[in-house]
Amino acid sequence: MAATLTSPSPGAPSRTAARPGSGGWRGRWPLVPLIATVLLTALPYGLGGEGGPAIGPADIASAIAVLVCAGRLLYLRQRPLGGAAALVLGLPALGFAVATVTAADPAAALPGLVRYLQVFVLVPATVYLLLKDVLGFRIVAGALVLLALVQGVVGVKQYVTGTGASYMGEEIRAVGTFGPSDIMGMATVVAYGLLAAAACALRTPRNAPAWLRPCAAVVAVTLTVPLALSFSRGVWIATAAALLVALSLTGRRQALVSLAVLGATGVVLVGGFGVGSEMIAERAASVTRVASSPDRSVSDRYAMWSAAGGMWREQPLTGVGLKGFPAHRDAHASIGLSSGSDTAGAGQEYRKQALLSPHNMYLLILGEQGLIGLTAVVGSWAAILIGAVRRLRFARSRGHAALDCGLVAVALMTWQCVNFLYSDIGGPTTVLGGVILGLAAWWALDGPDKADVPAGPGKAGAA
């Protein structure tokens with residue numbers, strides 16, 4: 001694993017450099033299923049549902065991307081992954097396999113094994129292998145920004161017209177096309193796009209058009225509006241943390257200027273135009289009200305966290321098995337846990353949504369996979385994040401051309417790690433987590449090797 005954190009020599013050969021004919025747009029068709037995976041996330045689930053795993057268009061696109069990647073490796077007779085990449089990207093599979101084998105009902109755990117392998121192993125490895133250079137990275141990041149803009153526009157319209165999800169008795173919560181059953185979906189994709197646009201504004205690619213930097217800055221600032229109107233506290237915290245990390249890696253002066261711009265934007269939007277000011281303030285304040293008059297969602301979340309901890313104490317090494325949280329929840333939850341959360345609005349009738357996970361990815365892994373699973377998964381993510389930060393610092397010291405890619409990778413990976421403190425996998429945006437891990441892993445393990453290639457006319461394939 002130490003190899004993943006070692007800065008490459010400036011003249012080191014890259015995986016892509018040895019591929020004949022890898023440049024140009026004709027060689028980028030394998031990116032199509034990756035782009036489709038990102039953009040199709042906004043569409044509803046079409047297969048599965050009650051009593052079985054739900055499968056959406058984005059999941060199908062990700063499966064196609066995996067098959068395309070495998071086919072290319074066989075056709076080109078290439079080694080799939082280097083030793084360091086195989087260790088970092090494959091380590092979580094160890095915990096998933098152990099949790100499945102040791103589960104009380106291994107057959108019931110198999111759907112969970114497939115899902116976890118898809119999101120945390122296969123999709124990240126596919127993204128890592130299909131990205132040939134920084135332009136491919138930027139194309140996928142651009143798809144994230146496009147998805148965020150579309151969902152943000154829908155979300156703001158829902159707030160303005162009162163057609164969003166129900167919140168405090170009004171149908172004003174911005175949820176985009178994801179609906180009230182996945183209230184964090186829009187907030188998640190908007191945060192991804194915001195961070196990608198902000199990174200581009202902070203470190204615009206060399207030889208980029210003059211309009212790109214101000215346009216990226218405007219997009220990032222604009223996306224703060226639907227993010228605020230999502231009323232998703234965990235996403236707010238994760239986005240703020242990721243922005244602070246990104247700003248800290250761009251230099252003190254630029255960080256101070258950027259913070260001043262963000263602060264002024266917040267004052268204008270909330271104070272000047274009154275964009276949900278009272279509700280946003282109330283929502284933010286509710287995070288700390290745990291001991292005294294917490295809202296139902298906060299008390300339920302802490303009750304489920306306690307339940308996950310109880311499952312871990314019962315099976316400390318291997319947990320209760322994948323997909324085991326719902327079955328063991330009531331035996332470990334306090335009597336104060338409600339039967340479910342109320343959802344309505346955005347074209348959906350009132351319904352009670354069962355609480356089937358602790359809304360904390362780390363506690364979910366700990367409860368279902370024990371210390372073995374948590375160590376494997378968190379170890380992999382930590383190696384990717386630390387490696388991405390170190391590679392970004394190395395690239396910055398050498399004046400590499402792809403600092404924007406490094407900043408995107410670090411910001412998105414930081415966001416994912418922090419947001420998992422308040423959420424877990426589930427819903428249409430789950431597969432995007434695998435894309436984010438793949439982007440971050442590509443930069444941490446491979447990115448700067450290609451960053452020295454100059455961008456110029458006729459070299460679009462290497463820019």
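Good morning. I begin with D59 and R115, both of which are buried, where buried means under 20% relative accessible area, exposed over 50% and partly exposed in between, with a 1.4 Å probe and protein chains only. Their side chains meet in a salt bridge, N to O, at 2.9 Å; a salt bridge here is a side-chain nitrogen of Lys or Arg within 4 Å of a carboxyl oxygen of Asp or Glu. This pair links distant parts of the chain, with D59 in helix 2 (residues 57-76) and R115 in helix 4, 56 residues apart. Helices are DSSP runs of H or I with at least four residues, numbered from the N terminus.

A word on the source. The model is predicted, so local features need pLDDT of at least 70 and side-chain atom pairs count only at pLDDT 80 or more, while totals for chains, interfaces and linings use all residues. Residues are numbered from 1 along each chain as its sequence is written, and side-chain values use heavy atoms, with hydrogens and water left out.

How many salt bridges does a search of the whole structure find? The search finds three. Besides the pair already described, the side chains of R28 and D133 meet in a salt bridge at 2.8 Å, N to O. R28 sits in the segment before helix 1 (31-39), and D133 in the loop between helix 4 (106-130) and helix 5 (134-161), 105 residues apart. Both residues, R28 and D133, are buried.

R138 also forms a salt bridge, its partner being D404, with the closest N and O atoms 2.9 Å apart. Here R138 belongs to helix 5 and D404 to helix 15 (residues 403-419), 266 residues apart. Why does D404 count as buried? Because its relative accessibility is 6%.

I turn now to the nonpolar residues. The largest nonpolar core has 121 residues; such a core is a set of buried Ala, Val, Leu, Ile, Met, Phe, Trp, Tyr and Cys residues joined through side-chain atoms within 4.5 Å. Those with the most contacts inside this core are F120, M361, W381, L439 and W443. Helix 14 (residues 361-398) supplies the largest share of the core, 15 residues. Leaving aside residues up to four places away in sequence, F120 touches L89, P92, F96, M361, W381, F420, I425 and L437, contact meaning heavy atoms within 4.5 Å.

Finally, L39 lies in helix 1. L39 is partly exposed, with a relative accessible area of 33%. Thank you.

Notes: Helices (H or I, at least four residues) and strands (E, at least two) are DSSP runs, numbered from the N terminus.
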